[in-house]
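Work through these exercises with the model on screen. Try each task before reading its solution.

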There are 2 protein chains.
Amino acid sequence: MFNNADMQLRSTQMTDQSPRGGVHERRRGALAASAEGRPETSDVDAFLVTSQVNVRYLTGFTGSNGALIVGAGDRPRSGDRIGTDGRYTGQVAAQAGDLEAVIDRATASALIAHATANGLRRIAVEGDDLTVSAFGRLRDAAESAGAELVPLDGCVARLRITKDADEVAAIAAACRIGDEALGALIDRGAIAPGRTERAVARDLEWEMFGLGADAIAFETIVAAGAHSAIPHHRPTDAVLTVGDLVKIDFGAVVDGYHSDMTRTVVLGEPSAWQREIHAVVERAQQAGRDALAVGADLRTIDAAARTVIADAGYGEYYVHGLGHGVGLEIHEAPGIGAAASGTLPDGATVTVEPGVYLPGRGGVRIEDTLVVAESGPRLLTTTPRTLRVL
Amino acid sequence: MFNNADMQLRSTQMTDQSPRGGVHERRRGALAASAEGRPETSDVDAFLVTSQVNVRYLTGFTGSNGALIVGAGDRPRSGDRIGTDGRYTGQVAAQAGDLEAVIDRATASALIAHATANGLRRIAVEGDDLTVSAFGRLRDAAESAGAELVPLDGCVARLRITKDADEVAAIAAACRIGDEALGALIDRGAIAPGRTERAVARDLEWEMFGLGADAIAFETIVAAGAHSAIPHHRPTDAVLTVGDLVKIDFGAVVDGYHSDMTRTVVLGEPSAWQREIHAVVERAQQAGRDALAVGADLRTIDAAARTVIADAGYGEYYVHGLGHGVGLEIHEAPGIGAAASGTLPDGATVTVEPGVYLPGRGGVRIEDTLVVAESGPRLLTTTPRTLRVL
């Protein structure tokens, strides 16, 4: 596979996605309007977006090289431009036809030139996306055009927290694929003594593709026996054995949106300690889900689950946060943890995934993806959470 | 899957990789020695490495959070440190046991503190890895410790170009998996009219996993008919049809090292234009491979293949560079293209992959991975390059 950066001339890219101008223009409007709400952006003239996932969110464009300039405040949206290179001339017209495109290999610099030609001088850039080197090159281009770049973090990530109906539908579809895939594996006895972690992981991924996943959400975790005590274990050729806890953490991607679910099963009759830690995690996870109220403090949500585990005496064996936002990225805002700040917005899609990990013995994690609503959180992953004996 | 950044306490990670101190210490020595060879690094006291792939290259550590500080010039290697967080205490000892580890959630800052405590004041950082925001945080930490950070590009990438025997062996193993997987698909008639691009891609990936791939090297490209004219086409549900060119670009990962190969087959008897463009690309690819001499100018290598295509009248349909380095990353130095600079080093592993893409009709690319040597380039991908009629 050649390096995209080495493309020299124009080519076209077909697309199977139709423009959805309305929703993307509305999102760009929200970004523009956000400038006035925050002191650090109140005097910027425009936002330059360089993160590919943020460009996709704001335009629908899915090519590997895109950037976007959005005028801040009430500047007319007609001045906004998407930038890409000649490979994507056809694709950008098909996916982001409501935006004029600037076709130039020096994509971001060309957008800065467009902005300065229109009198925009103070341009916010994504400090959490641009490398120091890329920023240095852009800053030089901006300075020679009389503009100033202001690195800021999270301007688009904040907007992405609250999902619209189409986004929730895509995440729900990805969750459904996960539920069905795991169910199919269990039904046909594919999670059984004698098989390897790796084989089970591959089967699960294969099943998700067969059910229509565009991609897997992240490298599938299948962790058996003592490995289940490793929070993020990468599947090995270790063989599943009677008596093992088997922790399975996986997801699918549909239309760019991710799902995320964990279940821990046991092979053969569970021992007392296995039953106990599973029951503790099940209660903690329920408490975490129950705490997902619109406007709830993120630390309070984390504490709701953490307290259950601590009270049962396993606090030191629960070593990570309670959950995270899920959407165009597998991990996005808001993070729900002991060090989080802020509250839970309406329409956020988040995971709830406490765990207890006993080093050298085994661990349990139970994780769901949910969408937050005034009427209460709605489960998008529906595989039963009770300890499944296989 | 919870966010790694949200890990709060210590846990341990098992590993199946043993330390190979010798090779990694030698690499760190080469990085240290490189400081004196270049004006921009001649006065730095240390290198702070934050790119995960570079940390792996220099230490063997494969965790998701690692950093490394290496004293520049002839400073004693005993002052070098690897940094990670408490999740990886066990893994870092197992994989990088020849280095003392600094275990701290603020991994890079902790290494800067270690360096300044040892009198190192001018610290080179990876400007092509750190984001503006991450650099800003580190710079603040450095300044309060009396140190200065110097962003530089490519200090480790340059070292990685020349592969040692173990690295070549891993790439060769990945290439062999690719060869065998494609051969198996062809043998059992899996690339045939009526199947979808997506199904063929999934079969190929499945086959590679079955043959021992740790991962696929990148999203497999299967592009049939008019899609084959799209250089980087993502597989769709489009059905393969008699008369189609089918372009297949794929690779495997073994022990972190990638393979990369493209073949273009035809379904049923090829038409005259299909035969012609395949023959042109085949000749161009041979010319490119023949030009892979140690010390050859990278642009001259590119031109060797490009001239063949241009002379045949298809110059405008060859829209990308000739090739790229392959190793721990699918695309690494050196890039071989019309805008490249420099020469080809002994021991580089590179691709040679010219193509001709006729929009709306079809395209052909032929790609191999080779290792460069004084005795001439050695092919690591060995599937025949002649037009295969299926």
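**Exercise 1. Find how helices H9 and H10 of chain A pack.**

Solution. Start with the axes. Those of helix H9 (residues 272–290) and helix H10 (residues 298–311) of chain A come within 8 Å and cross at roughly 160°. That makes H9(A) roughly antiparallel to H10(A), a label for angles over 145 degrees, while under 35 counts as roughly parallel, 65 to 115 as roughly perpendicular and the rest as oblique. Axes here are lines fitted to C-alpha atoms, for helices over the stretch in contact, and angles run from 0 to 180 degrees between N-to-C directions. Helices (H or I, at least four residues) and strands (E, at least two) are DSSP runs, numbered from the N terminus.

Last, the residues in contact (heavy atoms within 4.5 Å). H9(A) brings A:Val280, A:Arg283, A:Ala284, A:Ala287 and A:Gly288. H10(A) brings A:Ile301, A:Ala304, A:Ala305, A:Val308 and A:Ile309. By kind, the contact has eight nonpolar residues, one polar and one charged. Ala, Val, Leu, Ile, Met, Phe, Trp, Tyr, Cys and Pro count as nonpolar, Asp, Glu, Lys and Arg as charged, and the others, Gly among them, as polar.

A note on the source: this is a predicted model, where local features need pLDDT of at least 70 and side-chain atom pairs count only at pLDDT 80 or more, while totals for chains, interfaces and linings use all residues. Residues are numbered from 1 along each chain as its sequence is written, chains are lettered from A in the order in which they are written, and side-chain values use heavy atoms, without hydrogens and water.

**Exercise 2. Describe the crossing of H9(B) and H10(B).**

Solution. Take the angle: the axes of H9(B) and H10(B) cross at roughly 160° and come within 8 Å. The two helices are therefore roughly antiparallel. Their crossing is right-handed. Among the residues that meet are B:Val280 in H9(B) and B:Ile301 in H10(B).

**Exercise 3. Judge the overall build of chain A.**

Solution. Count the elements: chain A has ten helices and 20 strands. A compact globule of 390 residues would have one near 21 Å; chain A has 23 Å, which agrees. The globule rule is 2.2 Å times the number of residues to the power 0.38. Along the principal axes, the C-alpha atoms fill a box of roughly 70 × 45 × 35 Å. Finally, 58% of the residues of chain A count as buried. Buried means under 20% relative accessible area, exposed over 50%, partly exposed in between (1.4 Å probe, protein chains only).

**Exercise 4. How many residues of helix H2 of chain A are buried?**

Solution. H2(A) covers residues 52–59, and six of its eight residues are buried. They are A:Val53, A:Asn54, A:Val55, A:Tyr57, A:Leu58 and A:Thr59. Just after H2(A) comes A:Gly60, with a positive phi of about 90°.

**Exercise 5. Explore the backbone at A:Asp255 and A:Pro334.**

Solution. Recall the rule: most residues other than glycine have a negative phi, and most peptide bonds are trans. A:Asp255 has a positive phi of about 55°. This residue sits in the loop between strands E10 (252–254) and E11 (257–258) of chain A. At 39% relative accessibility, A:Asp255 is partly exposed. The peptide bond from A:Ala333 to A:Pro334 is cis, with omega near 0°. A:Pro334 belongs to strand E14 (residues 332–336) of chain A.

Notes:
Left-handed = near helix turned anticlockwise from the far one by under 90°.
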